[in-house]
Amino acid sequence: MVRALLSRARDMLDGIPHRWGSAAIASSSASGHGAEDAVAGYVRMLGAGVRPDAYTFPSLLKAVARGAAAAAEVGGAVHAHVVKFGMESSAHAASSLIVMYAAMGDAAAARALLEACPGATGGAPPPVMWNALISGHNRSGRFDLSCRSFADMVRAGAMATPVTYVSVISACGKGKDLLLGMQVHKRVVGCGMFPDLRVGNALVDMYAECGDMDAALVLFEGMLVRSMASWTSVISGLVRSGQVDRARELFDHMPERDTVAWTVMIDGYVRVGRFREALETFRRMQFCKARADEFTMVSVITACAQLGAQETGEWARIYMGRVGIKMDIFVGNVLIDMYSKCGSIERALDVFGDMHNKDKFTWTAIILGLAVNGRGKEAIDMFYRMLKASLIPDEVTFIGVLTACTHTGLVDKGREFFLCMTEVYNISPTVVHYGCLIDVLGRAGKLKEALHTIDEMPMRPNSTIWGTLLAACRVHGNSVIGELAAERLLELDPDNSTAYILLSNMYAKSNRWKDVQRIRQVIMEKGIKKEPGCSMIEMNGIIHEFLAADRSHPMSKEIYSKLETVLIDLWNAGYVPDVTEVFVEVTEEEKQKVLYWHSEKLAIAFALLTSESNVTIRIVKNLRMCLDCHNAIKLISKLYGRKVIVRDRTRFHHFRHGSCSCKDYW
DNA sequence: CTAGGGTTAG
C-alpha cells in the first residue's frame with residue numbers, strides 16, 4: 001500500500017514545480033482560499049530557489065487538509081514533494097501527511113502511512129502517529145473511524161497521551177456516542193491523567209455535546225483551572241438544550257470573552273428564535289471591542305434574515321469588508337437567504353452571481369428565494385443550472401422547486417418534480433413535500449386530485465396538510481371539500497383558530513352568511529382566540545414591533561393620528577373596510593376599529609411617518625395577511641406612490657401601483 | 001497530534 005502511494009506520488013514528480021504549480025492552484029481554488037494561498041506561496045518559494053525544510057510541509061499539508069476532497073490531487077502532489085526533498089523521515093511531515101489523508105477521507109492511505117512509521121525503539125508506530133490518525137478522522141467527520149482507531153491503538157499497545165484522549169473524547173462528543181465517551185472518561189481517571197485542562201475541557205464538551213448537561217456541569221464546577229473553552233462548551237451545551245437564559249447567565253460571569261464565546265451566545269439566541277437579542281448581543285460585542293469573524297457574521301446575518309432587517313444585514317455585509325472578514329461560502333449562502341427573506345431578490349441574485357464557489361446550499365437558497373418572491377420560472381431554471389453544475393439536490397431543494405411550481409401555477413411540472421425526487425434522487429417525500437404538492441394542486445383548483453393525494457399519502461396527514469387544502473377551497477369557493485378539510489383539521493387541532501377563520505372566509509366567499517354567523521357563534525362559545533398578530537419593521541437599524549391595537553410605541557400618538565389621515569385618504573379613494581375576517585363579536589363600528597388597528601396598518605403608518613417617499617417599506621408579519629389589510633395596502637401603494645413589501649407567514653406581497661405580486665391569491 | 005462557534009424548510 002505504501003509502495004503504491006509512493007509510486008503514485010513519484011509519478012507526479014515530473015514537471016514540478018511549474019506544470020504542477022498551475023494545476024494545483026487550479027484544483028485547490030475549488031476548495032477554499034486557505035489551500036490555494038498556501039500552495040501558491042509554496043510554488044513561489046520553490047520558484048525563488050528556496051529549498052523546503054522540515055517546517056515547510058506540516059503547515060502546507062494542514063492547509064491542503066482543510067480543503068475539500070477536490071484537493072486530493074494537490075495532497076498527493078505535496079506528498080510527492082515531501083518524498084522528493086527527503087522529508088519522509090521527519091516526524092512532523094509524516095504526521096501531517098497522515099492527518100491530511102484521513103481528513104480527505106482516504107482512510108486507507110492514512111492507515112498505511114501509520115503502519116509504515118517506525119517507532120522510536122523500532123517496531124510499533126509511536127503515539128503521535130496514532131494521534132494524527134484519530135485527529136484526521138475527526139476532521140473528515142468520520143467519528144466512528146476515530147473511535148475504531150483509538151481501539152486499534154490500545155490493542156497495539158501504544159501509550160495514549162493527553163492529546164489522544166482529547167481527540168477521541170471529542171470524537172465521542174461529535175459522534176454523540178455518550179457510552180463510549182463515559183468509558184474513555186473512566187480510562188482517563190484510571191490512568192491518573194487528571195487534572196489536565198485539555199482533557200477536562202474535552203470531557204466537559206463531550207457531555208455537553210451528548211446532552212448530558214448534569215455531567216458536564218459537575219465536571220465544569222469541579223475544575224480547579226478553567227479556560228475559555230471550558231466555559232464555552234458549557235454555554236454551548238446549555239444553548240443546545242434550550243436553556244438560553246442560563247447560558248446567558250454563565251456567559252455574563254465569564255472572566256473574559258473571545259470571538260468564539262460571543263459567537264456561541266449570539267448563535268444561541270438565533271437557535272431559539274430570539275433574533276433581536278442576538279443582534280443586541282452583537283452590538284454589545286462591538287461595544288466591548290471584541291473581534292467578530294465569519295462565524296459570528298453567519299449568525300448575525302441569519303438573525304437579520306429572520307427579522308427582515310435588511311438595513312442591518314446590509315450594514316453587516318459592509319462591515320465585513322471594512323474590517324476584513326472574509327466572505328466564505330457560508331456567509332454568501334446566508335446573505336442570499338437574508339436578501340431573499342427581505343424581499344430583495346435582485347440583491348440576492350447579485351450575491352449569488354458574485355460567488356465563485358457554489359454548493360448545494362447556495363443553489364437551494366437562491367431557488368427558494370426566487371420561488372417565495374414569486375419568480376417561479378427562474379427558480380426552476382436555477383434548478384436545471386444546479387444539475388448542470390453537477391450538484392445533487394436534497395429534500396430542501398425540492399421544497400424550493402415545488403414552492404416555485406405552486407406560485408407559478410405549474411401543475412404538471414409540480415407532479416413531475418415530485419416523481420423525479422423519489423425516482424431519480426431517491427429522496428422519500430416527507431409530509432412537507434406532500435404539503436407542497438397539495439398546495440400546487442389546490443391552487444390550480446384541482447381540489448379533488450388534492451384530496452385524493454391526501455388519501456394516498458403513506459403517512460398520516462397533519463394539520464398543515466388539511467389547512468393547505470382548506471385554504472385552496474376558500475380561494476376556489478368549494479365549500480364541500482372545504483368543510484371536510486376543516487372537519488379533519490379540527491379533529492387534529494380543535495382550537496385551531498385558522499381553521500375557523502378559513503372556514504368562515506369560505507362561507508363568506510360563497511355568500512353563505514348564515515354559516516358565517518354559525519361559525520362565529522362557535523368561536524364565541526368555545527372562546528377561541530386568534531393568535532395575536534404582530535408586525536415588525538426596521539427603521540434606521542432599529543426594529544419596531546407592533547401588535548394589534550398596540551399603544552406601547554413611544555410614537556404611538558403620532559402613529560394613530562397618521563393612521564387616521566391615511567384612512568381618510570383611503571375612504572376618499574373608495575376604500576370600503578372588509579370586516580369578513582373580524583372575529584370578535586362586537587358592533588359593526590367596533591369591528592372596523594379592530595381592522596384599523598391591525599398590526600400591519602400601524603407599521604405602515606409608522607413607516608409613512610418616518611421614512612422618505614423613495615424608501616421601500618418592508619414589513620414582516622407573523623400570520624397570514626388579512627383581506628382588509630391587503631386591500632388597504634394596495635391602495636396605499638397607489639395613493640402615495642410607495643413600494644411596500646409584506647412578508648407574511650407563507651409568502652411575499654410586493655405592493656406597487658395599486659396591485660400585489662400575489663395576484664390576490666394567498 | 002493540542003479544546004469551544006457557522007448555511008437551506010417546517
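Two strands pair if DSSP finds at least two bridges between them. Helices (H or I, at least four residues) and strands (E, at least two) are themselves DSSP runs, numbered from the N terminus. With that in hand, here's a tour.

## What you're looking at

This is a predicted model, where local features need pLDDT of at least 70 and side-chain atom pairs count only at pLDDT 80 or more, while totals for chains, interfaces and linings use all residues. Residues are numbered from 1 along each chain as its sequence is written, chains are lettered from A and ligands numbered from 1 in the order in which they are written, and side-chain values use heavy atoms, with hydrogens and water left out.

Chain A has 35 helices and six strands. Along the principal axes, its C-alpha atoms fill a box of roughly 95 × 55 × 50 Å. Of the 666 residues in chain A, 52% are buried, where buried means under 20% relative accessible area, exposed over 50%, and partly exposed in between (1.4 Å probe, protein chains only). Contact here means heavy atoms within 4.5 Å. Among contacts in chain A with a separation of 6 or more, 63% are between residues 24 or more positions apart.

## The sheet

The six strands line up in an open sheet, in the order β2-β1-β3-β4-β5-β6, with mixed pairing. At the edges sit β2 (542-547) and β6 (659-660), each pairing on one side only. As a rule, strands of a sheet pair through backbone hydrogen bonds, either parallel or antiparallel.

Let's start with β3 (residues 617-621), which is mostly covered, with four of its five residues buried. Strand β1 (residues 534-539) runs antiparallel to β3 and is joined to it by three bridges; here Ser535 has Lys621 of β3 as its bridge partner. With strand β4 (residues 644-647), β3 pairs in the parallel sense over four bridges, and Ile619 stands opposite Val646 in β4. Further along, β5 (residues 652-656) and β6 pair in the antiparallel sense over two bridges. Phe655 has Cys660 of β6 as its bridge partner.

Where does Lys634 sit? Its place is in helix α35 (residues 627-639). Lys634 counts as buried because its relative accessibility is 15%. Leaving aside neighbours within four places in sequence, Lys634 is in contact with Phe655, Gly658, Ser659, Cys660 and Asp664.

## Around DNA strand B

A residue is near a molecule or strand if one of its heavy atoms lies within 4 Å of it. Of the 41 residues around DNA strand B, those that come nearest are Asn131, Asn201, Arg271, Asp293 and Asn333. Sugar and phosphate make up 38% of the atoms of DNA strand B that come within 4 Å of the protein. The residues of this surface divide into 16 nonpolar, twelve polar and 13 charged; Ala, Val, Leu, Ile, Met, Phe, Trp, Tyr, Cys and Pro count as nonpolar, Asp, Glu, Lys and Arg as charged, and the others, Gly among them, as polar.

Zooming in on atoms, an N or O atom in the side chain of Asp328 is 2.8 Å from a base nitrogen of DNA strand B. Lys341 has a polar side-chain atom 2.6 Å from a phosphate oxygen of DNA strand B.

Which helix gives the most to the surface near DNA strand B? That's α16 (residues 259-271), with six residues. Thr263 lies in α16 and is buried, with a relative accessible area of 11%. Not counting residues up to four places away in sequence, Thr263 touches Asp293, Phe295, Thr296 and Ser299.

Helix α26 (residues 431-443) is mostly covered, with eleven of its 13 residues buried. Among these are Tyr434, Leu437, Ile438 and Arg443. The buried residues of α26 pack against α24 (395-408), α25 (411-423), α27 (447-456) and α28 (463-476). After α26 comes Gly445, with a positive phi near 85°.

Leu133 lies in helix α8 (residues 127-140). Leu133 counts as buried, at 0% relative accessibility. Leaving aside neighbours within four places in sequence, Leu133 is in contact with Ile98, Ala102, Ala110, Arg111, Leu114 and Ser149. Leu133 and Leu113 are 20 residues apart in sequence and 9.5 Å apart in space, C-alpha to C-alpha.

Technical notes. A polar contact is a pair of N or O atoms within 3.5 Å; within protein, one must be able to donate a hydrogen and the other to accept it, and residues adjacent in sequence count only if both atoms are side-chain atoms.
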